[in-house]
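I am keeping notes on one chain and on what I looked up in it.

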Amino acid sequence: MELSTLDLIVIGLFFLLMLLIGVWSYFRNTDSEDYFVAGGKLPWWLSGISHHVSGYSGAVFVAYAGLAYTHGFSVYIWWALTIGSTVMISAKVFPVFWVRLRKRFKIQSPLEFLETRYNLATQQLMAWSGVILKLFDIGAKWAAIAILLNVFTGISLAWGILISGGISLLYITFGGLWAVIITDFAQFIVQIIAGLVMFVVVIQKLGGLDSLFTVWEQLPEGNSQAFNDPYTVGFALAFLFINFLSYNGGQWNLATRYISSPSEQQASKAAWLSGALYLVWPLILFFPMWAAPVLLPDMEDPTQSYGILTMELLPIGLIGLVIASLFANTMSMTSSDINTISAVISRDILPAINKKFRKEATSLTTARITTFLFTLGTIVIALQFERFGGVLGLIISWFGALVGPIAIPMLFGLIPWFKSCGPKAAIGSILVGLLAFVITKNVELNSLALEVSLPVLSSAITYILIGFLERDTVPDKVKQMLSDIAQE
């Protein structure tokens with residue numbers, strides 16, 4: 001599985017492009033608003049593509065490729081279809097709310113409004129929890145890229161981490177959100193070209209266009225079904241709710257795409273574009289993964305299926321392009337996360353520690369220093385990932401569990417229906433969601449759908465129930481803020 005010189009050149013050119021974009025973006029930033037939210041001037045088509053690409057990582061080509069091999073079409077139903085549909089359905093709601101928050105309350109971080117909406121303690125709890133967990137989450141993703149580099153090129157894990165993490169550290173620190181957005185676009189183009197090439201090659205290998213319809217008859221029983229146990233209807237509905245929260249802003253980096261839009265209309269168009277891409281593009285991207293049992297029967301480790309297809313089917317040069325697309329997806333997600341987490345540290349955490357960080361004169365410098373140090377921290381964690389062993393996996397699981405419980409007070413807190421839900425409801429929902437997660441990990445539930453949905457459903461019920469009980473204690477300024485966001 002050695003790469004040719006041409007393939008290595010293609011990968012090297014991809015990394016060089018990322019650096020050049022960072023240098024170009026450096027000159028577009030004059031203050032922290034440019035750095036964190038692109039000055040509120042992000043065009044809808046760039047925002048939509050970035051929102052879409054930021055939802056991918058190397059997991060799509062490893063873990064999801066394995067699920068496509070073993071469980072077939074169901075991965076599209078509970079992953080891509082639920083994301084695409086929920087983003088498009090809510091395109092006129094949350095994207096609009098995020099833009100209005102930036103315009104009326106001058107936010108640059110998705111958490112800035114939480115101090116007014118709830119209180120400082122609630123905001124800090126959510127900020128610190130997210131930052132600490134993301135430190136390990138992003139570190140693990142650097143390690144994942146390094147493992148891919150090691151498999152394809154033989155580069156050691158340490159050097160793989162330093163290459164991918166170091167390049168990202170430079171272009172994100174230089175360019176801020178503009179660098180992230182433009183690299184997202186470049187990575188999207190790479191992904192489209194590589195995905196289409198693989199799609200065409202696999203169709204030819206299977207015998208022509210008719211294989212789009214006939215290949216399903218050759219797959220294992222259940223692989224052509226929309227729901228394949230344990231990925232049942234209940235599991236898909238659970239993910240529909242989780243993705244509704246995550247892709248409308250529960251994942252902070254995705255909220256930033258809407259916050260950076262110049263108008264409510266452009267934010268909505270960005271959501272429609274991202275949602276449409278989720279509905280259409282995975283059908284092309286995943287087809288080689290679905291066909292893998294026919295091309296690579298009886299694999300012991302299905303997660304290697306996409307990588308092996310790449311090495312066996314593609315000509316020299318194009319292999320490097322596909323590998324570059326694998327890195328592109330993961331680097332897109334990590335760089336997007338880093339930029340948003342740096343905004344949270346700079347805008348939410350540091351000013352609460354010391355008022356001098358509120359000075360606009362030093363805001364861009366603070367932003368760059370924060371970004372550099374946080375990214376460096378993730379690289380240090382990645383270099384030590386073997387020492388964490390199972391602990392690292394546990395922390396990543398905790399991060400996944402927190403997406404729902406933290407997203408509930410963020411997104412529900414924007415909706416006027418829940419204006420009576422105050423700090424007690426927000427903190428209570430987070431704690432109950434965590435408790436429910438602990439239960440799912442220690443009690444045999446015999447249902448993957450219940451295991452996935454229990455933390456987020458418990459969090460939602462707690463938030464609504466406590467809010468109902470304390471409905472008279474919410475300050476008038478909060479009710480007025482929600483009214484301003486909901487109405488023109």
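**Entry 1: H5 against H11**

I looked up helix H5 (residues 74-89) and helix H11 (residues 233-250): their axes come within 8 Å and cross at roughly 50°. That makes H5 oblique to H11, since angles under 35 degrees count as roughly parallel, over 145 as roughly antiparallel, 65 to 115 as roughly perpendicular and the rest as oblique. Axes here are lines fitted to C-alpha atoms, for helices over the stretch in contact, and angles run from 0 to 180 degrees between N-to-C directions. Helices are DSSP runs (H or I, at least four residues), strands are runs of E of at least two, and both are numbered from the N terminus.

I noted the crossing of H5 and H11 as right-handed. A crossing is right-handed if the near helix is turned clockwise from the far one by less than a right angle, and left-handed if anticlockwise.

On the H5 side, I listed Trp78, Trp79, Thr82, Ile83, Ser85, Thr86 and Val87 as making the contact. On the H11 side, I listed Phe235, Ala236, Phe239, Leu240, Asn243, Phe244, Tyr247 and Asn248. Contact means heavy atoms within 4.5 Å. I sorted the residues of this contact into ten nonpolar, five polar and no charged. In that sorting, Ala, Val, Leu, Ile, Met, Phe, Trp, Tyr, Cys and Pro count as nonpolar, Asp, Glu, Lys and Arg as charged, and the others, Gly among them, as polar.

**Entry 2: where the model comes from**

The model is predicted, so I kept in mind that local features need pLDDT of at least 70 and side-chain atom pairs pLDDT 80 or more, while totals for chains, interfaces and linings use all residues. Residues are numbered from 1 along each chain as its sequence is written, and side-chain values use heavy atoms, with hydrogens and water left out.

I then looked at the whole chain, which has 22 helices and zero strands. Of its 488 residues, 59% are buried. Buried means under 20% relative accessible area, exposed over 50%, and partly exposed in between (1.4 Å probe, protein chains only). Among contacts between residues at least 6 apart in sequence, 86% join residues at least 24 apart.

**Entry 3: H5 against H13**

How far apart are the axes of H5 and helix H13 (residues 264-285)? I found them 7 Å apart, with the two helices packed at an angle of about 160°. That makes H5 roughly antiparallel to H13. The crossing of H5 and H13 is left-handed.

From H5, Tyr76, Trp79, Ala80, Leu81, Ile83, Gly84, Ser85, Val87 and Met88 take part. They meet Ala271, Trp272, Gly275, Ala276, Tyr278, Leu279, Pro282 and Leu283 in H13. I counted this contact as 14 nonpolar, three polar and no charged residues.

I also checked Ser74, which is in H5. Ser74 counts as buried because its relative accessibility is 1%. Leaving aside its neighbours within four places in sequence, Ser74 is in contact with Gln225, Ala226, Phe227, Asn228 and Tyr231.

**Entry 4: H6 against H12**

The axes of helix H6 (94-105) and helix H12 (residues 252-259) come within 8 Å and cross at roughly 70°. H6 and H12 are therefore roughly perpendicular to each other. In H6, Pro95, Trp98, Val99 and Arg102 meet Ala255, Tyr258 and Ile259 of H12. I sorted these into six nonpolar, no polar and one charged.

How many of the eight residues of H12 are buried? I found eight of eight, so H12 is mostly covered.

**Entry 5: Gln191**

Gln191 is in helix H9 (residues 157-206). Gln191 is buried, with a relative accessible area of 1%. Its side chain is joined to that of Trp281 by a polar contact of 2.5 Å. A polar contact is a pair of N or O atoms within 3.5 Å; within protein, one must be able to donate a hydrogen and the other to accept it, and residues adjacent in sequence count only if both atoms are side-chain atoms. I also noted that Gln191 and Ala324 are 133 residues apart in sequence but 8.3 Å apart in space, C-alpha to C-alpha.

**Entry 6: backbone exceptions**

Most residues other than glycine have a negative phi, and most peptide bonds are trans. I looked for exceptions. The peptide bond from Asp229 to Pro230 is cis, with omega near 10°. Pro230 is in the loop between helix H10 (211-218) and H11.

Lys106 has a positive phi of about 60° and lies in the loop between H6 and helix H7 (114-117). Lys106 counts as exposed at 59% relative accessibility. Asp298 also has a positive phi, near 60°, and lies in the loop between helix H14 (287-295) and helix H15 (305-313). Asp298 is exposed, with a relative accessible area of 76%.
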